Amino acid sequence: MTLTVALAAVPAAAAAPAQAPAGQAKVSQPKRGGTFRYAAPLLAGTLDPIYFKTPIELTYAWPAYNALVENDPIDLDKIGPGLADSWTLSPDGTQYTFKLHPAIRFHDGKPLTSADVKYTYEAVMKPPAGQVSRRRATFQAVESITTPDDLRVVVKTKYPTASFLPGIASIPILPRHLHQQGPFVDRAVGTGPFKFVSYQKDVELVFRRSEEYWRKGLPYLDEIRVLFMTDATARLQAMRTGRVDQYSPVGEAEERVFKQQYADKIALVQYPRLNVGVLHFNHKMKDKPWADRRVAAVVQLDPLERRLVGQRVIHD
């Protein structure tokens, strides 16, 4: 699957690429400062990054967090270091040993330890009463999580699984001493490049650069503002007038408008989505059409069979 994102275009002079050695891709020279404004298409029911209701809610608070391992921002198929500097995998493929980067602190000043990683993963695996963990399947193969010392985390799986590292790359590590008191409904406390500043529900979420960020020299931006705009027309107008710098997803109608009228001001970027869309049918419903066993049977047919009978099913 691909996702189309609308971005405010950067003037040619500002986007001039720096010189790169032969054989290497040219990369624009980053510029420090500025505020990035994102038009959020859905409201946030919570800011908690593990007990969210819709996947997009996770993205709103992500600037405040880091994962144990992370996707490479250029090549999304690659997994690189996050809070873990390095890791090893046992010869039989069932034991991961992660070594944490030393001297990392949460935004409240408390040090990050292996206990925070263990707490986060177990909170996903076994959510408290009243909370729904949508990332629980990531740990379905996990047998145990141990912490030999403050900087090492050992994850033992029941069998080799290629999906484990990509799965934990999108699970932010939480401060045990705070999160165990209750979910982060209206705040965000992590180890990430931006600190939580304020949250005006259904209006705006604000983050500011962390001057103590453990990755020296980062981030480049001063501030990130998430502006909640559920109306597609309002988002389009905000993008046209320069009130926001990005919004996504971009539908086909908006894409045509941007290309025809704002090609010099708005850039459209497409990239692969790291998820799969699944449509589940509730066959226990008593209402039509799902109460009819013939409809349920057609849904289970292969694509060719569906094409042969679909026209009649839809119009009957």
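Tutor: Before we start on this predicted model, note that a residue counts as buried when its relative accessible area is under 20%.

Student: With that cut-off in mind, is Thr161 buried or exposed, and what is its relative accessible area?

Tutor: Thr161 sits in the loop between S8 and helix H3 (164-168). Leaving aside neighbours within four places in sequence, Thr161 is in contact with Gly93, Tyr96 and Ala141. The limit for a buried residue is under 20%, and Thr161 is therefore buried, with a relative accessible area of 16%.

Student: With which residue does the side chain of Thr161 make a polar contact?

Tutor: The contact joins two side chains, at a distance of 3.1 Å. The partner of Thr161 in this polar contact is Ser163.

Student: Which strands are the edge strands of the open sheet?

Tutor: The open sheet is formed by 4 strands with antiparallel pairing, in the order S5-S6-S8-S7. An edge strand pairs on one side only, and this applies to strand S5 (84-89) and strand S7 (142-149). Neighbouring strands of this sheet are turned against each other by 20 degrees on average, direction ignored. The edge strands are S5 and S7.

Student: Within that sheet, what is the bridge partner of Lys99 in S8?

Tutor: Strand S6 (residues 95-100) and strand S8 (residues 152-157) run antiparallel and are joined by 5 bridges. For Lys99, the bridge partner in S8 is Arg152.

Student: At about what angle does helix H2 run to S7?

Tutor: Helix H2, which covers residues 114-125, lies across S6, S7 and S8. Its direction relative to S7 is given by an angle of about 165 degrees.

Student: How many aromatic pairs are there, and why is the pair of Tyr60 and Phe228 edge-to-face?

Tutor: Ring centres must lie within 6.5 Å for a pair, and by this rule the count comes to 11 aromatic pairs. The ring centres of Tyr60 and Phe228 are 5.3 Å apart, and their planes stand at 85 degrees, so this pair is edge-to-face. Tyr60 belongs to helix H1 (residues 55-61) and Phe228 to strand S11 (residues 223-228), 168 residues apart. Tyr60 and Phe228 are both buried.

Student: What is the geometry of the ring pair Tyr121 and Phe139?

Tutor: Tyr121 lies in helix H2 and Phe139 in the loop between H2 and S7, so the pair ties together parts 18 residues apart in sequence. Both residues are buried, and ring pairs link them into a cluster that includes Trp87, Tyr96, Phe98 and Phe164. With centres 4.9 Å apart and planes at 45 degrees, the pair is therefore tilted.

Key
Residues are numbered from 1 along each chain as its sequence is written. This is a predicted model: local features need pLDDT of at least 70, side-chain atom pairs count only at pLDDT 80 or more; totals for chains, interfaces and linings use all residues. Side-chain values use heavy atoms; hydrogens and water are left out. Two strands pair if DSSP finds at least two bridges between them. Helices (H or I, at least four residues) and strands (E, at least two) are DSSP runs, numbered from the N terminus. Axes are lines fitted to C-alpha atoms, for helices over the stretch in contact, and angles run from 0 to 180 degrees between N-to-C directions. Contact means heavy atoms within 4.5 Å. Buried means under 20% relative accessible area, exposed over 50%, partly exposed in between (1.4 Å probe, protein chains only). A polar contact is a pair of N or O atoms within 3.5 Å; within protein, one must be able to donate a hydrogen and the other to accept it, and residues adjacent in sequence count only if both atoms are side-chain atoms. Rings of Phe, Tyr and Trp (its six-membered ring) pair if their centres lie within 6.5 Å; planes under 30 degrees apart count as stacked, over 60 as edge-to-face and the rest as tilted.
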